[in-house]
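Student: Please take a close look at a single part of this model. Give me its geometry first, then its surroundings, with the cut-offs behind each term.

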Amino acid sequence: MRLTIFHKLFISLMLISMLMMVGMALLINNSFQNGFQSYLNQSEVEKVESMAEDISDYYSSDQGWRQLQQQPELWDRLLRNIGEYPRRPKDHSGPTSRKSRPDYNRLEARLNLLDKDENSIIGKRKNLRRLHANIQITKVAITKNEQTIGWLSIIQRENIKGHLAERFLRQQLDNFYWIAAWAALFSFIVAALLVRHLLKPLKSLHSAAKSLSNGNFNYHIDVRGKDELAELSLAFNLLTSTLKTQKLSREQWLADISHELRTPIAVLLSEIEAIEDGIRQPEPKYIRSLHDQVITLTRLVDDLYSLSQSDSGILIDTSHTVDITNIINNIANQNEVRLTDKHIAIQRLYDHSQPTLLKADAKSLAQLIGNLFENSYRYTDKNGQIQINLQQTNDHILLTIEDSAPAVPEDALPKLFDRLYRVDKSRSRANGGSGLGLSICENIVKMHNGKISAQHSELGGLKIAISLPIKDD
């Protein structure tokens, strides 16, 4: 039989309740027996103390306790004064029969009068001996003129005994058993309701998990409370929202990739069909157009491949010390000729002869800076400028690359690192951009535990700010 969490929690609560009730029953039984017998013993001692005050009047310094010995009715009167009504047996010399044993539960049968030397005057002599461990002997002093003239000795039990006391105990235990039965029934109902209430969030999580596995990303768990299950429900809702966002992003990504690939392929197909149909002759200008479209496709595929590698981080090795100043100088020198052809000036605001060292991957950093130069080259108007600044703090290196006009709209700044996002799609395609360069840059920076942001530049264009830790964390 498969035990669900409901059954396990319910059985656990019931077992705990039963163990607690059994333990309480044992403790209450023991406490009640000892307490009740102690109460009976104390009640008898108080009676004997009251009797001790009255019995001193029958003591004579000459004759001692002879008056009480010769007149048994005086002893009976003293017993009646404390609420005891003596019954004298017909024969004191014979053995005690079973029928007379219940008389032993009476106070008079266990009470002895002793002289000051503790010799028995009235009462059974066997009361002066402890017959077994359950017996205790209590003595109350009889005083006259502040002197002890005798003792009243009473034999008592430490644990509850006797027909009347045992019947009272059984009655109380029967009541306790009924109370325990009703308590068990109440515990049964409360445990069922409590477990059902506690497992309600788990049932909601189970339903949500099944809904999520069926592709429903709109399922939302109603969170109540602030306990661990509520936190788990909040985490599940966050997971659902994240998966939904990733699903929409993936669908948009696939749609954008398809669109980006379709455009150059459509141009290639139309050009080739025109040449095949004889509409156009295979002249150098048409062949050059075909070549440009192939270059565009190649660049897009290369960028997709670089993006997938930067996503996985398999080519990032930050265990080596790299001079980022040298990397910037090399890439700036490589791009200086074509930037000059476009009349774009490079302004270096750092000491390019001073090395700047950090733990990083040289190849990926070169790709990062190369992409930023390529982005500035493509989207900076002629007769513009590019500024490069490199600063070092105690634990970080700050790199900024900014260019002149045209500027980027304010609402477009947070989206520049989105894949395939372009501010002006037609102008970007004309400049040969794939819309993946800054996404690759963001991946590389994150793999180095750094930060990258896009801001407006005082030069009128775009400013890319990068912060890299000097040591690999």
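Tutor: The model is predicted, so local features need pLDDT of at least 70 and side-chain atom pairs count only at pLDDT 80 or more, while totals for chains, interfaces and linings use all residues. Numbering runs from 1 along each chain as its sequence is written, and side-chain values use heavy atoms, with hydrogens and water left out. Helices (H or I, at least four residues) and strands (E, at least two) are DSSP runs, numbered from the N terminus.

Now the helix itself. H7 covers residues 324-341, 18 residues in total. From first C-alpha to last, H7 reaches 26 Å, close to the 26 Å expected. That expected span is 1.5 Å times one less than the number of residues. H7 also has a kink of about 40 degrees, centred on Asn-335. The bend is the angle between axes fitted to the seven residues ending at a residue and the seven starting there.

At the start of H7, a side-chain oxygen of Asp-323 comes to within 3.2 Å of the backbone nitrogen of Thr-325. That is a polar contact: N or O atoms within 3.5 Å, one able to donate a hydrogen and the other to accept it; residues adjacent in sequence count only if both atoms are side-chain atoms.

Which residues of H7 are buried? They are Ile-324, Thr-325, Ile-327, Ile-328, Asn-329, Ile-331, Ala-332, Asn-335 and Leu-339. Buried means under 20% relative accessible area, exposed over 50%, partly exposed in between (1.4 Å probe, protein chains only).

Next, the core. The largest nonpolar core has 39 residues, and Ile-324, Leu-399 and Ile-466 have the most contacts inside it. Such a core is a set of buried Ala, Val, Leu, Ile, Met, Phe, Trp, Tyr and Cys residues joined through side-chain atoms within 4.5 Å. Elements giving two or more residues include H7, helix H8 (362-379), strand S9 (396-404) and strand S11 (460-469). H7 gives the most, with six residues.

Ile-466 shows the surroundings. Neighbours within four places in sequence aside, Ile-466 is in contact (heavy atoms within 4.5 Å) with Leu-368, Leu-372, Ile-397, Leu-398, Leu-399, Val-445, Lys-451 and Ile-452. A second, separate core has 23 residues, including Val-48, Leu-68, Val-140 and Ile-149.
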